[in-house]
Amino acid sequence: MDKFLFYLGAPILRFINEAGRLALLLIDTLKWLFRRPFRIALVFKHMEEIGVRSLPVVMITATFTGGILALQSYSSFKRFNAESLIGTMVAIALCRELAPVLTGLIVAGRVGSAMAAELGTMRVTEQIDALYTLAVNPVHYLIVPRFIAAFIMMPILTMLADGLGIGGGFLVSTQVYGLNPTVYIRASFNYLEYEDVYSGLIKSAVFGLTIALTGCYKGFYTSGGAEGVGKATTSAVVISMMLILIIDYFMGALFFSV
Amino acid sequence: MQNSRKVKIQIRGLEKSFGEKKVLDGVDLDIYEGESVAVIGASGTGKSVLIKHVIGLLRPDNGMVTVDDINVQDLSGYELQEFMCRFGMLFQGGALFDSMSVFDNVAFPLRERGVRDEDQIRKRVDEMLNLVDMDNSGNLMPSDLSGGMRKRIGLARALAPEPNIMLYDEPTTGLDPVVGGVIDRLIVRTRDRFHVTSITITHDIRSAYRIAHRIAMLYNGKIIKIGTPEEMRSCSIPEVEEFVADRTAHLENNLFQAGNSGFKGGN
């Protein structure tokens, strides 16, 4: 019985411990967010890393997702002669869910891992302690710029994914299935509401914060040399991907329940 | 004589445990202005833990640390950052920022403290690189440097903003005796030229003899003996004797011994 309780309790305690430290780091980050000096150059550097360098993979993913969405829905919508609504379905699905979530997952894989690896390496080689002893707050120098950059770039990437995804669906529907382009475009935008778009963008901004915070947290508290950096990187990606999907559900429920 | 000098760092009854393990068990230590103290002890005796308390990276369970009569554990966040301006620290591996060139590494603390004049920065960086005998290395990246060179650049970076307390974490560990000697000489040079107060943690007794005015031995969470290098050599406490014994044979560097005994505490 004791053993059973131990196996039950240990992971729960570990989870609470981790969640607490993550929350403390978030509070610390928010506390340093508006402190001078504002490191604009660093923010731009990370915006390039997070946004510009993620462009190709986000573009390809979005275009093909829009395409396959149109392809799959054509065969089912045809059964009840609703082909003209494919555009509506593609646009809403992309803006509400697919563009923010897929972009989030991609950025988590690309950028979250890089953040964890970079900060983790800095931790195990004492560079983070060095920052501290040089009278530079490591949270202010390392985490705040990444946090801001992710917050700004994720919605931008998502907007792009929205557009490209709709474009991909348009191409497949008109070129492969020969639907009328005017009808398709009208169907796409007539029924699309502002709420569909901005709910997706707000979600993506939250995903950006989640990715930056998880990646930085895992890197910041790395221990155990090169192996530790590897572990931190992996778990940063896994945790931020899971968090994205969980947060997505709850934010979706919040936005669209009424 | 020592009581007449100003106490720079005062450690009183410092206790710290990690889980069940009591790492520091009542450490008392006074460090005077301009003095160089080496804390020796085997690995895992809490030397790094001690130093982390001095710079406020760790909070004591009991006891206190004051620096310039400021109670370190009372500081937080922004105050702590201001407080850190009086320190410089040399890390075991140099801890250079590997995304920056040597020049930018040394310039980093200056830029962070609001120096905007690039000429002034360049002048100071050159001066520091000259101090550690690494002239014209500004364009190199840390990955181009050997272990000893990294430590020298690390020292240059720590000294650039003119700290008045220097902390050295195992300065000679992982270096061959010749390079280790170079680092020791730089530490002595720093000590004598800038009159900084310094704490060195090391298990290299030879290095401690060269750079320290006083040596403190940490054992089982307490300082069991503190004294000049001569006093340590003639100390009869078994733990100290054991630590000091088999390495005294190597003491060939008379230059450094002469340097150590010349300290009169001019401040």
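Let me start with strand E3 of chain B, residues 36–40, and its neighbour E9(B), residues 214–219: 4 bridges join the two, and they run parallel. Strands here are DSSP runs of E of at least two residues, helices are runs of H or I of at least four, and both are numbered from the N terminus. Two strands count as paired if DSSP finds at least two bridges between them. Within this pair, Val39(B) stands opposite Ala216(B) of E9(B).

The model is a predicted one, in which local features need pLDDT of at least 70 and side-chain atom pairs count only at pLDDT 80 or more, while totals for chains, interfaces and linings use all residues. Residues are numbered from 1 along each chain as its sequence is written, and chains are lettered from A and ligands numbered from 1 in the order in which they are written.

E3(B) also pairs with strand E8 of chain B, residues 197–202, through 5 bridges, and this pairing is parallel as well. There, Ser36(B) stands opposite Ser198(B). How much of E3(B) is buried? Of its 5 residues, 5 are buried, a residue being buried if 20 or more other C-beta atoms, placed from the backbone, lie within 10 Å of its own, exposed if 12 or fewer do, and partly exposed in between. Both faces are covered, with Ser36(B), Ala38(B) and Ile40(B) on one side, and Val37(B) and Val39(B) on the other.

I turn now to the open sheet of chain B. Four strands make up this sheet, in the order E2-E1-E4-E5, with antiparallel pairing. Strand E2, residues 21–32, and strand E5, residues 70–71, are at the edges with a single partner strand each, so one side of each has no neighbour in the sheet. E5(B) is joined to strand E4, residues 62–67, by 2 bridges, and Val67(B) stands opposite Ile70(B). Helix H1 of chain B, residues 47–54, lies across strands E1 (7–18), E2 and E4, and runs at about 60° to E2(B). Such angles run from 0 to 180 degrees between N-to-C directions, and axes are lines fitted to C-alpha atoms, for helices over the stretch in contact.

Helix H5 of chain B, residues 147–159, packs with helix H6, residues 177–194, at an angle of about 10° and with the axes 10 Å apart. The two are therefore roughly parallel; that term covers angles under 35 degrees, with over 145 counted as roughly antiparallel, 65 to 115 as roughly perpendicular and the rest as oblique. H5(B) contributes Gly148(B), Lys151(B), Arg152(B), Leu155(B) and Leu159(B) to the contact, and H6(B) contributes Val179(B), Val182(B), Ile183(B), Leu186(B) and Thr190(B). Contact here requires C-beta atoms, placed from the backbone, within 7 Å. By class, these residues are 6 nonpolar, 2 polar and 2 charged. Nonpolar means Ala, Val, Leu, Ile, Met, Phe, Trp, Tyr, Cys and Pro, charged means Asp, Glu, Lys and Arg, and the others, Gly among them, are polar.

Chain A has another composition: 9 helices and 0 strands, where chain B has 10 helices and 10 strands. The C-alpha trace of chain A spans about 65 × 55 × 35 Å along its principal axes. Buried residues account for 44% of the 258 residues in chain A and for 43% of the 267 in chain B.

Helix H8 of chain A, residues 194–220, and H9(A) have axes that come within 9 Å and cross at roughly 155°, which makes them roughly antiparallel. Their crossing is right-handed. Is Ala226(A) buried or exposed? Ala226(A) counts as exposed, because it has 10 C-beta neighbours inside 10 Å.

Finally, the interface: 15 residues of chain B are in contact with 11 residues of chain A. On the chain B side, the elements giving two or more residues are helix H2 (77–84), strand E6 (87–90) and helix H3 (102–112). H3(B) gives the most, with 3 residues. That side comprises 11 nonpolar, 3 polar and 1 charged.

Terms used
Two residues are in contact if their C-beta atoms, placed from the backbone, lie within 7 Å. A crossing is left-handed if the near helix is turned anticlockwise from the far one by less than a right angle, and right-handed if clockwise.
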